[in-house]
Amino acid sequence: MAKAVSVLLFVPFLVVTVLVFAAVIRRLLGVRVGPGRTLLAAVLATMVTAPVLAAFAPPDPRSVTAAEGTLLVLAAASVSALIAMVALVVLEVLLPTGSLPGPVETWRSLRRRASRARRYSTIVRIALRHGLGRFLRGQGRGPSSAAERRRLARSLRDALDEGGVTFVKVGQLLSTRRDLLPAEFVEELTALQDRAAPVPWTALDLDVAPFAEVDREPLAAASVAQVHAARLADGTPVVVKVRRPGIAAVVERDLDILIRLADVLEARTSWGRSFGVRGLALGFADALREELDFTVERDNLQTMAAALATSPGRGVEVPFAYGDLSSDRVLVMRRLPGTPLGSAAPVLDGLDDTRRQEIAAGLLDSLLDQVLVHGIFHADLHPGNLLVTADGSLGMLDLGSVGRLDAVTRSAVGRLLAAVGRGDAVGASDALLDLSDRSGEVDERELQRALGMLLVRYAAPGSSAGVAAVTALLRTFTSYGLGIPAPVAAVFRAFATLEGTLGLLRPGFDLIAAARESGNRRITETFTPRVLEEELVALLPMLRGIPRRMDRIGDAIENGRLRLNIRLFSDDQDRRLVTGLIHQTLLTVIGAAAGVMAAMLLGSGPGPRVTASTGLFPILGYTLLVISVVLILRVLAIVLRRD
């Protein structure tokens, strides 16, 4: 009985001791350490307290007074805490906090790894089937001729098509990046079609109660969703866009693989860092997730409708979205009349050339309004996303993923278009630098010369090389180490895609000449008395404040109170460099000091006995020696790394 009571009393005492050690260790270290590691260190301190106390105690414990015993216990507890803290610091050096997941996260990670492994296996089999295996092993030699590039591009297109929705979307995105890929790849990837077998009606998650009738046969079926014709209770014809069941999980799994691949490329390749492939992958993932969420497309439709309403006379509209009937999986839109532009040749043949010119110019003006005025634009105006009515009105479809521009970017795009219209290489260079992400120093004079050559070649009167001009401009970006932000790339993509669409509306339509004419008209509209009055009113507060600010500066100079505030290391790269150097210096000093202390302890004899054959000084000496070697090796590993 007495033994059971003693055990029951010892367990709470042990728990309290461990918790006290944990609190003391965390407080003394002064850094955030995981609770699991802190408890392990506290358990270690509790376990070594008894041996340390035995080493400190005199041969005859009965001769120790109560005060001496208290001091011995405190000394043993302090040494034990120091040993635990040293062990914790060494553990942090070898395995930093957060480097090892918890048990729940480990289980989830294993499940995700198994799912990724199955998907990796499928992707590898697809690549091998289409002759791309040598590139997976990093042994593929780049194609040296146009015919080889064409064959490789066709194999890549077939592999992406077989890979499923995410990889089809990747191919469609790459087909717009003429700055990254050769023309053969762009042409082949442009032919990728987002199509899929229809989902059976019974498998769709659709509530038919709000509709008077719904056609069970889809009008169209794609990899993300399929569209059904329907009619509301009041007889209004609508289309219902329904997301395919289970597609979100498939897309998330593939996006996880793509982002991991982008991380590897950016970490291990110079071109990956130059192009910012991780940023491109994250931007693509965000866009695809938006496309899966139909509330985003509903909001885009409503925003675009409001924007088009402020620019009447363009002859372009979007479907009305029924927000109360829509959700993240279902989108209900009013059905627009008309024929898809790709098959609207009979409709267009019934219109004269003047009317077709007006329709094409109206579509170009509408896109310019979207880009320069409203900041939201349709980035993929290919013929399948446009409907043409008998009178020539246009309807825009598929606004699941649109481009968005802030005011600063809109201003820079406007200045770029204006500079191109004037043939101003200096203005175009300044606008491009404002639009781009710089990864280093740029030779602005050489950039101006290169842009001047492009303007002479492509922007001269009579030139009609629209897509070639866009391609050359994008390649100029990358050749001078300028990164293209995703929204800016979407603008170029929109105009490159629009040229083919305008060619169907009006064969021989001169995109550059029409854009120049539209730009001149906009500049003329900018200098109307009303606009100038608004600009003056906006500038008036700043102009009124200039004399007061000048007076303050003059007074500060006169009285010797003028100061300049300069932030040192304002650039993040500079801060990381200096922080890394300081860390290496500290690790070197601490490692050297630990080595010297280890040598002194190992040469000082055994010291207090921990066991009958082991002294305290050798234990501490070898521990410090290990710490010294670990820290010195860590510094050497950092110094000798190739990057």
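Predicted model: local features only at pLDDT ≥ 70, side-chain atom pairs only at ≥ 80, totals over all residues.
Residues are numbered from 1 along each chain as its sequence is written, and side-chain values use heavy atoms, with hydrogens and water left out.

**Helices H6 and H8**
- The axes (lines fitted to C-alpha atoms over the stretch in contact) of H6, residues 146–163, and H8, residues 183–190, come within 8 Å and cross at roughly 30°, on a scale from 0 to 180 degrees between N-to-C directions.
- Helices here are DSSP runs (H or I, at least four residues), numbered from the N terminus.
- Contact, meaning heavy atoms within 4.5 Å, involves residues including Arg149, Leu152 and Leu156 of H6 and Phe185, Glu188 and Leu189 of H8.

**Helix H17**
- H17, residues 444–458, has 15 residues and reaches 21 Å from its first C-alpha to its last, close to the 21 Å expected at 1.5 Å a residue, the expected span being 1.5 Å times one less than the number of residues.
- Its buried residues (under 20% relative accessible area, 1.4 Å probe, protein chains only) are Leu447, Leu451, Leu454, Leu455 and Tyr458.
- These residues cover an arc of only 100° around the axis, which puts them on the same side of H17; the arc is that of the directions from the helix axis to the C-beta atoms.
- On the other side of H17, Arg445, Met453, Val456 and Arg457 are exposed, that is, over 50%.

**Alanine 425**
- Alanine 425 lies in helix H16, residues 425–435, and is buried at a relative accessible area of 15%.
- Beyond its neighbours within four places in sequence, alanine 425 is in contact with Gln448, Leu451, Gly452 and Leu455, and its C-alpha atom is separated by 7.3 Å from that of leucine 455, 30 residues apart along the chain.

Technical notes: Helix = DSSP H or I, 4+ residues; strand = E, 2+ residues; numbered from the N terminus.
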